[in-house]
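Thanks, everyone. Please look at the structure on the screen, and I will walk you through it.

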Amino acid sequence: MLRNLAANLILHERIETTDAKAKELRRVAERLITKARRLGPVAYTPQAELSPSDRARRLAASRTIAAYVPRFGVRTESGGETKRVDLVEKVLIDLARRYATRPGGYTRIVKFGPRRGDNAPISLIELIGDAGKEEKKKSESTQTEEASAKTPTAAEPTEAAKVT
């Protein structure tokens, strides 16, 4: 069960589950990411550019991760398309690069409250540091700049005042 939860967390980067499962999943997911992160740049450097000793280190780490997480996951994209994702490579390349400078604490648990059917406490576990957050911040800042540019100032009368 924890292997499938870890695979889904890596694939989707956020899942909703019970509090007890989320707390156990945190331990598992952080160990997998730490294993990849400790490789340093070896984790996300192309294979052809690595020395033989670095290739061996990367292969050992990928086998350790693959021993716990299934190799591939399938995500449904918008429009109903399915996309096959290599989970081991995602941990080694994407997550190791994202958390290269972070010493730990790669996950966040947000508690929602009891589930309606059986009153089990539900929480959301997610990976911290979304790559999309930077884009969202940039788009929000441009939207606020556009909104402030559109508001009339005291020096410029509004359209209604110009007409009369």
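Let me start with one residue. Leaving aside neighbours up to four places away in sequence, Ser123 touches Ile15, Glu16, Thr17, Thr18, Asp19, Ala22, Ile109, Val110, Lys111 and Phe112. Keep in mind that this is a predicted model. Where does Ser123 lie? In strand S5. Is Ser123 buried or exposed? Its relative accessible area is 0%, so Ser123 counts as buried. Its side chain also has a polar partner: the side chain of Asp19, at 3.0 Å. And across the sheet, Ser123 is the bridge partner of Lys111.

S4 covers residues 107–114, and it pairs with S5 in the antiparallel sense. Seven bridges hold that pairing in the count. The two strands form a hairpin, with six residues between them. Look at Asn119 there. Asn119 sits in the loop between S4 and S5. Its phi is positive, near 65°, and it is not a glycine. Buried or exposed? Asn119 is exposed, with a relative accessible area of 55%.

There is another hairpin. S2 and S3 run antiparallel, joined by five bridges. Val74 stands opposite Arg84 in S3. Five residues lie between these strands. In that turn, Gly79 has a positive phi of about 90°.

One more positive phi. Glu13 is at about 70°, and again this is not a glycine. Where is Glu13? In the loop between H1 and strand S1, which is 14–18. Its relative accessible area is 15%, which makes Glu13 buried. The cut-off for buried is under 20%.

Now the helices. Take H3. It has 17 residues. From first C-alpha to last, H3 reaches 25 Å, close to the 24 Å expected at 1.5 Å a residue. Which residues of H3 are buried? Arg58, Ala61, Ser62 and Ile65. An α-helix has 3.6 residues a turn, so residues three or four places apart point the same way. On the other side of H3, Pro52, Arg63 and Ala67 are exposed. And what covers the buried residues of H3? The cover includes H2 and H4.

So, on to H4. This helix spans residues 87–98. Its buried residues are Leu87, Val88, Lys90, Val91, Leu92, Leu95 and Ala96. Note that a lysine, Lys90, is on that list. What covers them? Helices first: H1 (2–12), H2 (19–37) and H3 (52–68) are included. Strands too: S2 (72–76), S3 (82–86) and S5 (121–127) are among the cover. Then look at the start of H4. There, a side-chain oxygen of Asp86 comes to within 3.4 Å of the backbone nitrogen of Val88.

A quick stop at H2. Glu24 lies in this helix. At 36% relative accessibility, Glu24 counts as partly exposed. Glu24 is 19 residues from Leu5 in sequence. In space, their C-alpha atoms are 10.0 Å apart.

Now zoom out to the whole protein. How many helices and strands does it have? Six helices and five strands. Along the sequence, they follow the pattern α-β-α-α-β-β-α-β-β-α-α. Of the 164 residues, 30% count as buried. Last, the surface. The protein exposes about 10800 Å². Carbon and sulfur atoms supply 52% of that area.

To recap with the residue we began with: Ser123 is in S5, is buried at 0%, and contacts the side chain of Asp19 at 3.0 Å.

Terms used:
Residues are numbered from 1 along each chain as its sequence is written. This is a predicted model: local features need pLDDT of at least 70, side-chain atom pairs count only at pLDDT 80 or more; totals for chains, interfaces and linings use all residues. Side-chain values use heavy atoms; hydrogens and water are left out. Buried means under 20% relative accessible area, exposed over 50%, partly exposed in between (1.4 Å probe, protein chains only). Helices (H or I, at least four residues) and strands (E, at least two) are DSSP runs, numbered from the N terminus. Contact means heavy atoms within 4.5 Å. A polar contact is a pair of N or O atoms within 3.5 Å; within protein, one must be able to donate a hydrogen and the other to accept it, and residues adjacent in sequence count only if both atoms are side-chain atoms. The expected span of a helix is 1.5 Å times one less than its number of residues. Two strands pair if DSSP finds at least two bridges between them. Accessible areas come from the Shrake-Rupley method with a 1.4 Å probe; for residues, only the protein chains shown count as cover.
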